[in-house]
Structure formats: structure tokens, C-alpha cells
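Dear colleague,

Please find below the structure that I am handing over to you. My notes on what was found in it follow directly after.

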Amino acid sequence: MHFKARVWIVGDNINTDLILPNKAFYLTHEEQAQYVFHANRPGWAQQVRPGDILIGGRNFGMGSSRAAARSLKTLGLSCLIAESLNGLFLRNCVNFAFPALECPGVHAAFTEGEVAAVEFDTAQVRNVTRGTTLQGKPLPAPLMALVHAGGVYPLLEREGLIAPKRQQA
Amino acid sequence: MGMTIAEKILAAKSGRKTVAPGDVVTVDVDTVILFDNNFMPNNWREILQVADPAKIVVTFDHRVPAPTQQAAAAQVTGRAFVRKFGIKRFHDVGHNQGISHQLVADYGYALPGSVLLCSDSHTCSAGVFNCLARGVGGPDIIYAAIKGQTWFRCGETVRYELGGTLPAAVTAKDAFLQIAGVHGDHATMNVEYGGPGVAGLSINARKTLTAMSAELSAEFATFEADAALEQWIRARNPAPFMSVRPDGNAQYHAVRQVDLAALEPLVALPDSVVNNSQPVGRAAGTRIDQAYVGSCANGTQDDIELAARVVRGRRVAPGVRFIVVPASQTVYRDTVASGAVQTLLEAGAMIAPPTCGACGGGHMGVLGPEEVCLTSSTRNFKGRMGDPSSRVYMASPATVAASALTGVITDPREFLN
């Protein structure tokens, strides 16, 4: 998997309440995605274009187990590169097959609006605008395999262990 | 090389001799807990088979009693799942309902050395029972219910050696705020609590530390077992178990001493639980609209009786809403029986039914624009309990109750001697 797009930048300790606030819990996945960063950066979700890349700071995704990674994916972001990823949030990135990588130094290596090129499997992150390259940490092999398989639900669906996806309420 | 409690359980449950930081392992899961959010129409994927119905627990806790049609629909789906697979450990709205993490304590669902999963981040609460308990994602829960397994990435462990005895009006919540304030997050790492000070902490107090460890971003929080813990479990669950002790030569990222006797009441300022603690005096005088005692971290019998002792014979300040939420129906009945609920009602508190409720901004005490809340619950993130412009301070149930009486953030030592 590789991605090339403009980047958005957020800081350290971005929590899941900011990504998927309680007030959006009952909405469809597409409607939920419109609430990403509603409290700390109102109007941002409406500016994201399909394929955009998000760059985060330390412990990105701290907080709850809610499907915040699904909202970032549904919003159209192609991937997330952070200084570090919260352990629970990483689980949901894998669960929902949203490509997310840890790459120390990435936060300082970009200014918002610059273009990044990301080789997900090898965790190579290039700042195309500046011509610089960073080496991130590739996902452990079993987690990488889950992301490539499309996440947990498609896997279980193929094995006949969960019912096929129905239309959302 | 020696192993910590978390490493020893990871090794035992993955069929390996040793596990070390950095390893990703597949483990057998002993207990899988599902709750109402799992069954929400926009989350649920219908499970067609389960590994073992006896390993599954179902409760409704986040939105109870159902405040919306979607929450009610989730409960309908949950009841159908329970019927389909003959789940016996089902905590429907009624006699044995409660917040999942409190039910684990009430019913002895977590045995030492076992692995327990639930897709609520405060599942690490159950680590008080000397087991590996982790909040995971909703899909992880569906996978574990079906396959009986999950994966974990092993991290380094920080050990907290507790010593001394807490002074009057100082609680395990203050001990947590001390650790979170000084050491910040423990992302990718485990925390392990032990030391001579453990003996002086009730199981409920210890559970506050493990539940709040979610706010340290810890992978796992574990407590060493002692006679009091083993007795608690045996009184509730007849299954045999073996407690897990860390090896004498276990490798820790750090071993840190916490002198409980030296602690004072603390308050976390709004927007972050970690790196944000202040002595209560620094926040004293801050006006509040709402005071909240409840949640998986501080809705135990100890917490509600402590709040009652503070307000006994006094009245909640005009203009302040004091909301008290027992964490389970068992806690509710026990605190009615002890008179604590009566005392709180007479002081002007409102008692809500057991639910996660307003802790997550769901219902039963959500905040409006610019409102200020002092809470003993789990999180103070921006917008967490309601409007993005509301502000949430966090403290112990004693500090919350004292502040409910005065209408401003108040040192509880004035009310408890």
C-alpha cells in the first residue's frame, strides 16, 4: 500500500472523544465522520479531501474503545502517521483496516499542506515538498496481515462466522 | 530472565515459556463481556457461532434505562443474542444490572491468572483481581466471542510500590492523580501495583487505581493478590484459581515508590487527566454547576458511603446539582441498606440508576454550554461530559461531595476529621 497526498497536522494526546464525540453515537458512519475534531477544530472535517493524510503527535487516539479509527477512514483519510499510537486505538486501526503507522520525528518533519508519500508496508515516509525521508516502524506481521485482509469483519464474514453486512440504520 | 505479572499470564495463555516486551502473542480468552454499545444498530455485526457461551457475559450499562430508540433497539438485539446462544451471565435492566466493571467485582467474574476482554477502555479495572484485563475494540470482542482468542502486544512494565496508609479524607483517587500528575501517561507499558501499602486499601479502593489506569494509556494494570483479594473472589465464585506473583528477578522499566501517608487531596484541571494534577487548594473556590459521584472508577459502596459521610446533616449548595450514581444494583441495594442513600437524598443529591451515563456525556447529567462540573468519574476531556465549552475538573468522591455543599471546589478535610 502506498499513499501520496497533502497532510493535515494535529498535536499530542488527541483523544477519541475529539474524534468521535458522544453526540454522534447514534448517527450513521458517514454522519459520524463529519464530527471528527468538532470540539477542537470545528469545520475541519468538511475540508478533508479523499486521500488526505493525517499526521499526529504522541499517544494519538488515547481514550476509549469507540470506533474512532472507523470515522477517520470513513472521512476519506488514506492513512495516519503519528509520533506514537495509543495501544487501544491501534487495535481499532487494525480492526477497521485503517492504515496507521508510528514514525518518530514525523510531527516536526512536516508543515500542514505539504505533500507526503507513504510506503505503508515498509513504513517509509517521504516529505515530497522538502525532499526528506523518515523511517517509521512497520506493523508487526500478523497485524499487517489483518490490515491487508480488510480488517476483522471481512475476515469473519469470509469464514461464515458473522452475517453479511446489512444496510445501516 | 524473570517476568512481571502481565508477562507471566501472557506466557501461560499463549502456551510459551516466556514472553518479553515487543512480542505479539495470540492468547486464549477466559471471559468476553459485551454491553449495550456493542449491539447498537451502527456497530453490531450478527454473530453466527460462539466459541463457548459459558465464557460470555452480557450487560447493558452505557445507556440504561434506554434514553433513545437506538439504545432501546440495541437492548432488543442484545436480548436476542443472549437467547440465541443461551448466555447465562446476562445482566438485563433490573435486579442484577450494573456497569460491567463493577459486575466483575460484584460477581467474581475475573479470576487471578485469567484473561478478560470487553470493548470498554476501563476494562483494565478487572486487573485488580490479579488477571489480564484489557479494553479492546468492538470487532476484537466479536472475534474473541467467536474464536475464543485475541492478540496482545507485550510492553514493558512500571511497578508501583505502595507504602503507608492514606490519611483521612484522602483516597485511592488522590493516589492515582498523584501518579498521573507526576509520571504522565504510560503508553505501550503495563502498570503493576504491589507493596506493603496494598493491605490497607479495600478491594474497592484498589479497583479505583486499576480502572483509572486506562487514563495512563496502560496496556494492562495488575495488582498483586493477597488474602483479602482471594477471600473476595472465593466469596463470589467457586472456581479454583492460582494467584500470579511476579518473579523476584522480573525486569521492570521502572520501580517507583508511592507513600500513601504523604498524599493530600488533589484535583485534575480540565481537558487532561495526566500531567494536570494540583493540590485541591490551588483549585479551591472555583464555582461549580454540577458535582458527580459515580462511574466504574468511583461508584462503589465505599465511594457512596464516603460521599454520604461528608454531606451528613448538611445541604447541597443552591444552584448545584449533586448527582450520585451507584455502579451496580448490588451497590445501590447495599448503600440503601447502610443508610448512605437516605443521607444523600436528605442532603439534596439526586440518585441515578446504575449507568455509565454522564461520565461519557450520554445521559443522566450531561453538561450545557459553559457549565463547570467536578467529577469523580474517569475522564475530563474537552466536551467529554457534554457541550464542548463545558469544563470538567476531577477529584475524589470526598472532594466532590464537599464541593457540592459549598458550590465551589473545596478541600474535603474540612468536613472529615
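**A helix in chain A**

Helix 4 of chain A is followed by Ala97(A), a residue with a positive phi, near 55°. Please keep in mind throughout that this is a predicted model. Helix 4 of chain A spans residues 87-95 and is mostly covered, with nine of its nine residues buried. Among them are Gly87(A), Leu88(A) and Phe89(A), as well as Arg91(A) and Asn92(A).

**The contact between the chains**

How many residues does each chain give to the contact? Chain B contributes 39 residues and chain A contributes 35 residues. On the side of chain B that touches chain A, the elements giving two or more residues are helix 4 (138-147) and strand 7 (149-153) of chain B. Helix 4 of chain B supplies the largest share of that side, namely six residues. Sorted by class, the side of chain B that touches chain A holds 13 nonpolar, 17 polar and nine charged residues.

**The two domains of chain B**

Chain B is divided into domain 1 (5-259) and domain 2 (267-414). The C-alpha centres of these two domains of chain B are 24 Å apart. Their contact involves 37 residues from domain 1 of chain B and 34 residues from domain 2 of chain B. On the side of domain 1 of chain B that touches domain 2 of chain B, two or more residues each come from helix 3 (100-107), helix 5 (172-183) and helix 6 (203-212) of chain B. The residues of this side comprise 13 nonpolar, 16 polar and eight charged.

In soluble globular proteins, nonpolar side chains tend to be buried together. Here the largest nonpolar core has 188 residues, and those with the most contacts inside it are Leu72(A), Ile81(A), Cys131(B) and Ala307(B). This core lies between domain 1 (5-259) and domain 2 (267-414) of chain B, because both give residues to it. Cys131(B) touches, among others, Ile9(B), Ala110(B), Leu111(B) and Ala126(B), leaving out residues up to four places away in sequence.

Two packed helices are described by the angle between their axes and the distance between the axes.

- Helix 5 and helix 6 of chain B have axes that come within 8 Å and cross at roughly 35°. Their crossing is right-handed.
- Helix 10 (residues 301-311) and helix 11 (residues 329-337) of chain B have axes that come within 9 Å and cross at roughly 35°. The crossing of helix 10 and helix 11 of chain B is right-handed. Gln301(B), Ile304(B) and Glu305(B) of helix 10 meet Val331(B), Asp334(B) and Thr335(B) of helix 11 in chain B. The residues of this contact divide into two nonpolar, two polar and two charged.

**A buried residue: Asn298(B)**

Asn298(B) lies in helix 9 (residues 295-298) of chain B. Why does Asn298(B) count as buried? Asn298(B) is classed this way because it has 34 C-beta neighbours inside 10 Å, and the cut-off for a buried residue is 20 or more. Leaving aside neighbours within four places in sequence, its contacts include Lys173(B), Thr208(B) and Ser376(B). Asn298(B) and Ser396(B) are 98 residues apart in sequence, and their C-alpha atoms are 8.0 Å apart in space.

Yours sincerely

How values were computed
Residues numbered from 1 in each chain as written. Chains lettered and ligands numbered in written order. Predicted model: local features only at pLDDT ≥ 70, side-chain atom pairs only at ≥ 80, totals over all residues. Contact = placed C-beta atoms within 7 Å. Helix = DSSP H or I, 4+ residues; strand = E, 2+ residues; numbered from the N terminus. Nonpolar A, V, L, I, M, F, W, Y, C, P; charged D, E, K, R; others polar. Core = buried A, V, L, I, M, F, W, Y, C linked by C-beta atoms within 7 Å. Buried ≥ 20, exposed ≤ 12 C-beta atoms within 10 Å, placed from the backbone. Domains from an automatic or database assignment. Axes fitted to C-alpha atoms, helices over the stretch in contact; angles between N-to-C directions. Left-handed = near helix turned anticlockwise from the far one by under 90°.
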